[in-house]
Amino acid sequence: MKIGIMTRYDPASKAGLERYLLDLLLAFSNKCTQHEFLVYTPDIDELSSACRIHGVKNIRLVRVRGGMLWRDIGIFLAE
């Protein structure tokens, strides 16, 4: 099954909804190896380094465009 998540990640932030979502995603991806997680984000570089540190294999990062409306129209403009 493919599971899609839209988020923005700031590595300087140690708390907040995005950080909590990333921790949940990393925990789920380690337990559910048969599923693929698609993470739609404008900040692909920060998330890719965080996933590489944790050794996650089944998370695919997708860069979205759209500027300030990235959550509204970014999913349609995803690479």
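Modeller: Contact means heavy atoms within 4.5 Å. The model here is predicted.

Colleague: Which elements do the buried residues of H1 pack against?

Modeller: They pack against strand E1 (2-6), E2, H2 and strand E3 (59-63). The buried residues in question are Leu22, Leu25, Leu26 and Ser29. Viewed along the axis of H1, they fall within an arc of 100 degrees, so they line one face of the helix. Leu17, Tyr20 and Lys31, on the other side of H1, are exposed.

Colleague: What span should the 15 residues of H1 have?

Modeller: At 1.5 Å a residue the helix should span 21 Å, and the C-alpha atoms at its ends are 21 Å apart, which agrees.

Colleague: In what order do the strands of the sheet lie?

Modeller: The order is E1-E2-E3, in an open sheet of three strands with parallel pairing. E1 and E3 are the edge strands, each pairing on one side only. Between E1 and E2 there are five bridges; Ile5 has Val39 in E2 as its bridge partner.

Colleague: Where do the helices lie on this sheet?

Modeller: H1 lies across E1, E2 and E3, at about 160 degrees to E2. H2 packs on the sheet and touches E2 and E3, with its direction at about 170 degrees to that of E3.

Colleague: How many residues make up the largest nonpolar core?

Modeller: There are 12 residues, including Ile5, Leu22, Val39 and Leu47. Helix H1 (17-31), strand E2 (36-41) and helix H2 (44-54) each give two or more residues to this core. A second, separate core has five residues, among them Leu38 and Val62.

Key:
Residues are numbered from 1 along each chain as its sequence is written. This is a predicted model: local features need pLDDT of at least 70, side-chain atom pairs count only at pLDDT 80 or more; totals for chains, interfaces and linings use all residues. Side-chain values use heavy atoms; hydrogens and water are left out. A nonpolar core is a set of buried Ala, Val, Leu, Ile, Met, Phe, Trp, Tyr and Cys residues joined through side-chain atoms within 4.5 Å. Buried means under 20% relative accessible area, exposed over 50%, partly exposed in between (1.4 Å probe, protein chains only). Helices (H or I, at least four residues) and strands (E, at least two) are DSSP runs, numbered from the N terminus. The expected span of a helix is 1.5 Å times one less than its number of residues. The arc is that of the directions from the helix axis to the C-beta atoms. Two strands pair if DSSP finds at least two bridges between them. Axes are lines fitted to C-alpha atoms, for helices over the stretch in contact, and angles run from 0 to 180 degrees between N-to-C directions.
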